[in-house]
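I opened the model today to go through its chains, contacts and helix packing. My notes follow in the order in which I looked things up.

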Amino acid sequence: MNMLFIITGAVALVSAVMTVTRSNAIHALLYMVVSLLSVGMIFYILGAPFAAALEVIVYAGAIMVLFVFVIMMLNINRSRSEEKQWIRPSAWTGPVILTLTLATELVYALWPGTNGAFPILVISPVEVGISLFGPYLLGVELASMLLLAGLVGAYHLAHHIGPARDREGDRL
Amino acid sequence: MNPAIPVEYGLVLAGLLFATGLAGVLARRDLIFMLLSLEIMLNASGLAFVVAGAHWGTADGQVMFIFILAVTAAEVAVGLALLLWFHHMHQGLDADKANEMRG
Amino acid sequence: MFDLLWLIPALPFTAFGVLALFGSRLTRSAAAIAGTLPVAVSAIVAFIISAQFIAAPPVGHAYTQTLRTWVQVGGFNPAVSFLLDPLSIVMVLVITFVSFLILIYSTRFMAGDDGFARFFAYMNLFVGSMLVLVLAEDLLLLYLGWEGVGLCSYLLIGFWYREEENARSAFKAFLVTRIGDASFAVGLFLIFHSLGTLNIQEAMARASQQWVAGSALATAAAGLLLGGAVGKSAQLPLQTWLPDAMAGPTPVSALIHAATMVTAGVYLIARTHVFFELAPVMQHMVAIIGAATLLIAGTSAFVQRDIKRILAYSTMSQIGYMFLALGAGAWMAAMFHFMIHAFFKALLFLGAGVIIQALHEEHDIFSMGGLKEQLPVTFWTFLIGCASLSAVPFVTGGYYSKDLILLEVWNSPQGGSLLFIAGLAGALITSVYSFRLFFIVFFGEPNILVKKTSAPAMTVPLVILAVPAVIGGLVEMPGFFGAPHLFSRFVGNALPGFKALSPAPGTDLRLFVLSCMASLGGIFLAYLMFLRKPAFGKRLADSTPGRLAHRFFLAGWGFDRVYDVLIVEPFVRLSRMNKDDVLDHISRGIAWLVSFMHGLLGLTQSGSLRWYAMAIATGAVIFIGMVILL
């Protein structure tokens, strides 16, 4: 339904804007996760459940977690004390609004009652799989090689870095 | 075909997301945020593909999305490794420290 | 024998070639022989050819020898061809004869100079060019000779180039005559464009058929030719170069700036007389220019101190007489005066050279004196020269020629009483200044003693030249002497006859008396002022109007100053302003623009990562915008 799509789209957009404007890296990351979840929701509305699942699992699940790991490792926000942020309730407003909206939508969409009103064509994972193993076989191979290259490259690059040091040069 | 959601809405949303990501890449100075904004951009392009695929009613959109996802994953891996190197070399993530391509 | 005509100019050119290439390796005597012998042979050949011409004139009183076609472009076919007719015979004879004598003189005069061979090379180049000028059948060939003599004039005025003053005088001469040359060239373009040929006789024939007398075209063509003549002959308004041209060695002054080159303008007008007859306004202009110049030059000569400057102004004045005659339609009289003038002026200059060398480069006449006893040969020959210049009646050739001019100016429909009075006044002034010169230099107490007397090489030419200065007039004596008009009859075959108004009877006699009075009166005045009562003259000079007049005349009526202020200084200022050439600025501006853009674009290579990202984004946005819009 249009209304659902619009609200979800708004959530995605607003959380993206929030992502790019935050100064705290973790906050930005979390807003990003919200955005990704919303986009996943949009995929579901459009009738692409497989894409929605992949978006949540891979994008929001793996890639963002990777970001989190790096940020933690580099301890970027060491100078900012998180306790202060915690204490201020104004830090909660943004995320709460967004996520509440998202939650409402999800609930609405998944509630058994309203589903039948969607006259949409659903492209199921079966068709996607057939397509992947059929016409797009070469692409799959290439993508896998790409992933391998990425893996090797990342490993090789990170292998030679010494222990992480902060701005004063002390070991973290 | 999916008459419920006009394809233009989806593409517009993808475009707006892309623009937002671009603004983030250009405006932020910290490398982490630049990478993050880059992710937004890639996500937006994936959204566009899926929207188009749903419009035409084929699986191709989702297939492209899968490939984009693969690319993003590889890129994030390598990018974060480079980021770690950068942090190691310049003791910080200030993009302005990477000024060695001076003409 | 006529086909040896080409030898006449060719021999001096060979002399030039030999001396230019090998001059530095030749001994003095070898160079002297190489320099004088070819001209001597030229003179002999000219004499022989002339004798044959007079004895048995060819058909139409003209003989042409075409050597080759010079240019063949479309309808433009000038040829290297020589025309032999009475006019050119007169010119050739005078030129070769006088040149030969002056070159002999120079072997002695320039004996102590380092540039001996160079001098003779230039002189021979000059003689060759002058002969080409007078023998040319085609205006283009004439222009070649014209330019050649201009070049040699420059080279020879600045012969002692190590003195900056000489170089400047040479430069001035060249520039001023160049203005005339430019006018001449434009006139040639006009003639060719209108008539389709530059062959002189052919052009004149076509002009008399096609051009309307008095039309703008004819006036323009004649005016432009006149411009050229005025420059070369040092007449108004281009006369300023001649007094300064005396910076060259004296033989140069004698040959180029007295006898031959400066008369090239007179020759040109006489040769292209049809154009002037078709433009009466211009012909009258010729007469006016002549009359004005002769008065200006005469008065200027009267106050000069430098012996050569006096003679230079005198030359200017006498050529003014020739112009006056041409303007009045007295073509033949002008050529007659040219011939006599060449003799006595060369004589005077060579004499001056003797004096200058004898007194160790002294030019100021007031530092000379009492040379009568010390340089006797020079004294007598100089006397003959001055007498001829002053047109002393009966005994001198100058008298016959000048009197003829005055007579014909009076009688001519284009002349008139005003021009006659100018000529008469000029005659008076001429006598005064020439005998002022004579008395001051040769009489009185000697100021400088002569160390050595001159060699025969220098005095013999003086004597030889004195002869025609005296008897030259016999070829053309006035009618009431009942003598045969040899000259006019001979030259009349080339130039139109003189159309005289029928004068009142006895006018001739009256005019004759007037001119006698003018010349003798002038001598008497000079005698009074400078020999008998010099105090009177000094009192006159020291009075206020006298002093003003003196300064005015000394500066040649201030023409130099006027040209300086009006033309030279603005031009120099303009060129200094344009020192960084305007067009240069354009090309330099382009270079600057490129450099500026380079700098500008260089700023984009900041090395900053974010800057590059922004650049990529901007580029993408612009391209997408273009795709959308276009």
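**Entry 1: a helix crossing in chain C.** I started with α18(C) and α22(C), where α18(C) passes α22(C) in a right-handed crossing. A crossing is called left-handed if the near helix is turned anticlockwise from the far one by less than a right angle, and right-handed if clockwise. This is a predicted model, where local features need pLDDT of at least 70 and side-chain atom pairs count only at pLDDT 80 or more, while totals for chains, interfaces and linings use all residues. Residues are numbered from 1 along each chain as its sequence is written, and chains are lettered from A and ligands numbered from 1 in the order in which they are written. Helices (H or I, at least four residues) and strands (E, at least two) are DSSP runs, numbered from the N terminus.

I then looked up the geometry. Helix α18 of chain C covers residues 397–411 and helix α22 of chain C covers residues 507–532; they pack at about 130°, with axes 10 Å apart. That makes α18(C) oblique to α22(C). Axes are lines fitted to C-alpha atoms, for helices over the stretch in contact, and angles run from 0 to 180 degrees between N-to-C directions. Under 35 degrees counts as roughly parallel, over 145 as roughly antiparallel, 65 to 115 as roughly perpendicular and the rest as oblique.

Which residues of α18(C) meet α22(C)? I found Asp403(C), Leu406(C), Leu407(C) and Trp410(C) on α18(C), against Asp508(C), Leu511(C), Phe512(C) and Ser515(C) on α22(C). Contact here means C-beta atoms, placed from the backbone, within 7 Å. By class I noted five nonpolar, one polar and two charged residues. Ala, Val, Leu, Ile, Met, Phe, Trp, Tyr, Cys and Pro count as nonpolar, Asp, Glu, Lys and Arg as charged, and the others, Gly among them, as polar.

Entry 2: Next I took helix α3 of chain C (residues 86–109) with α15(C). Their axes are 10 Å apart, at an angle of about 5°. α3(C) and α15(C) are therefore roughly parallel to each other. From α3(C) I listed contact residues including Val90(C), Val94(C) and Val98(C); from α15(C), the list includes Ala342(C), Ala346(C) and Leu350(C). The contact of α3(C) with α15(C) has 12 nonpolar, two polar and no charged residues.

**Entry 3: the buried side of α7(C).** I asked which residues of α7(C) are buried. In this helix (residues 200–210) they are Ile200(C), Ala203(C) and Ala207(C). They span an arc of only 65° around the axis, which puts them on the same side of α7(C). The arc is that of the directions from the helix axis to the C-beta atoms. An α-helix has 3.6 residues a turn, so residues three or four places apart point the same way. The buried residues of α7(C) pack against α5, α6, α11 and α12 of chain C. Buried means 20 or more other C-beta atoms within 10 Å of a residue's own, exposed 12 or fewer, and partly exposed in between, with C-beta atoms placed from the backbone.

Entry 4: Most residues other than glycine have a negative phi, and most peptide bonds are trans. I found a cis bond from Leu236(C) to Pro237(C), with omega near -10°. Pro237(C) sits in the loop between α8 (216–232) and α9 (241–244) of chain C. Ala234(C) lies in the loop between α8 and α9 as well, and its phi is positive, near 55°. Is Glu361(C) buried or exposed? Glu361(C) is exposed, with 7 other C-beta atoms within 10 Å, whereas Ala234(C) is buried, with 29. Glu361(C) also has a positive phi, about 65°, and is placed in the loop between α15 (331–358) and α16 (371–374) of chain C.

**Entry 5: chains A and B.** Chain A has seven helices and zero strands; chain B has three helices and zero strands. Of the 172 residues of chain A, 31% count as buried.

The contact between them takes 62 residues from chain A and 55 residues from chain B. α3(A) gives the most to the chain A side, with 12 residues. That side divides into 48 nonpolar, 11 polar and three charged residues.

**Entry 6: chains B and C.** Here 10 residues of chain C touch 12 residues of chain B. Helix α27 of chain C (residues 609–629) gives the largest share of the chain C side, five residues. I counted that side as four nonpolar, five polar and one charged.

Key:
Two residues are in contact if their C-beta atoms, placed from the backbone, lie within 7 Å.
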